[in-house]
Amino acid sequence: MTDSIPAVPPVRAFYWSALQTLLRLGTMERTAAVKAIVESMGLAGDQLAIEGPGRESLAEYRAGWALSHLKLMGLVDNAERGNWQALPSAKGVTEDDVLELWRDLARQRREKELEDTRQTWLVGA
């Protein structure tokens, strides 16, 4: 019998930890923020050892994407390049709110892509 390595959670599973880390620790340089987010996730050593693209682990890679997604949601910013911070709009937000914001953003992007596709077909017709 072989033991399987538990999968690294998807990016959306990192959202809440990422937001809470920035709210708790304040402005952080990207590398420090990613490491703190991953640490807060409580992942197993085997999960942390899974390589991601580039020089980061897969968990670190996904934590970085979580920051980018939270920025699209208007909850965090990196106005000073490489330094991430929670915005005032993040205070009082619940984990369910964050997931709902992501669902809304994803729906808006799908609708825009569909509209862009329609426009392309109309122009090409």
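The model is predicted: local features require pLDDT of at least 70, side-chain atom pairs count only at pLDDT 80 or more, and totals for chains, interfaces and linings use all residues. Residues are numbered from 1 along each chain as its sequence is written, and side-chain values use heavy atoms, with hydrogens and water left out. Helices (H or I, at least four residues) and strands (E, at least two) are DSSP runs numbered from the N terminus.

- Three strands form an open sheet in the order 1-3-2, with antiparallel pairing; two strands pair if DSSP finds at least two bridges between them.
- Strand 1 (28–29) and strand 2 (76–77) are the edge strands, each pairing on one side only.
- Two bridges join strand 2 and strand 3 in the antiparallel sense, and Asp77 stands opposite Gln85 in strand 3.
- Helix 1 packs on the sheet and touches strand 1, strand 2 and strand 3, where contact means heavy atoms within 4.5 Å.
- The direction of helix 1 makes about 90° with that of strand 3; axes are lines fitted to C-alpha atoms, for helices over the stretch in contact, and angles run from 0 to 180 degrees between N-to-C directions.
- Strand 1 and strand 3 also pair in the antiparallel sense over two bridges, with Glu29 opposite Asn83 in strand 3.
- The hairpin of strand 2 and strand 3 has five residues between the strands, and Gly82 in this hairpin takes a positive phi near 85°.

**Nonpolar core**

- The largest nonpolar core has 32 residues, of which Phe14, Leu70 and Leu75 touch the most other members.
- Helix 1, helix 2 (30–41), helix 4, strand 3 (83–86) and helix 5 (95–124) each supply at least two residues of this core.
- A nonpolar core is a set of buried Ala, Val, Leu, Ile, Met, Phe, Trp, Tyr and Cys residues joined through side-chain atoms within 4.5 Å.
- Buried means under 20% relative accessible area, exposed over 50%, and partly exposed in between (1.4 Å probe, protein chains only).
- Not counting residues up to four places away in sequence, Leu70 touches Tyr15, Ala18, Leu19, Leu75, Val76 and Val98.

**Helix 4**

- The end C-alpha atoms of helix 4 are 21 Å apart, which agrees with the 21 Å that its 15 residues should span at 1.5 Å a residue; the expected span is 1.5 Å times one less than the number of residues.
- The buried residues of helix 4 include Leu58, Ala63, Leu67 and Leu70, together with Glu60 and His69.
- Tyr61 and Trp65 both lie in helix 4 (residues 58–72), four residues apart, about one turn of the helix.
- The structure holds two aromatic pairs; one of them is Tyr61 and Trp65, edge-to-face at 6.5 Å centre to centre with 75° between the planes.
- Rings of Phe, Tyr and Trp (its six-membered ring) pair if their centres lie within 6.5 Å; planes under 30 degrees apart count as stacked, over 60 as edge-to-face and the rest as tilted.
- Tyr61 is partly exposed at 30% relative accessible area, and Trp65 is partly exposed at 40%.

- Pro6 lies in the segment before helix 1 (15–25) and is partly exposed at 38% relative accessibility.
- Beyond residues up to four places away in sequence, Pro6 touches Gln47 and Ile50.
- Ser17 is found in helix 1 and counts as buried because its relative accessibility is 16%.
- Leaving aside neighbours within four places in sequence, Ser17 is in contact with Ile37, Ser40 and Met41.
- The C-alpha atoms of Pro6 and Ser17, eleven residues apart along the chain, are separated by 19 Å.
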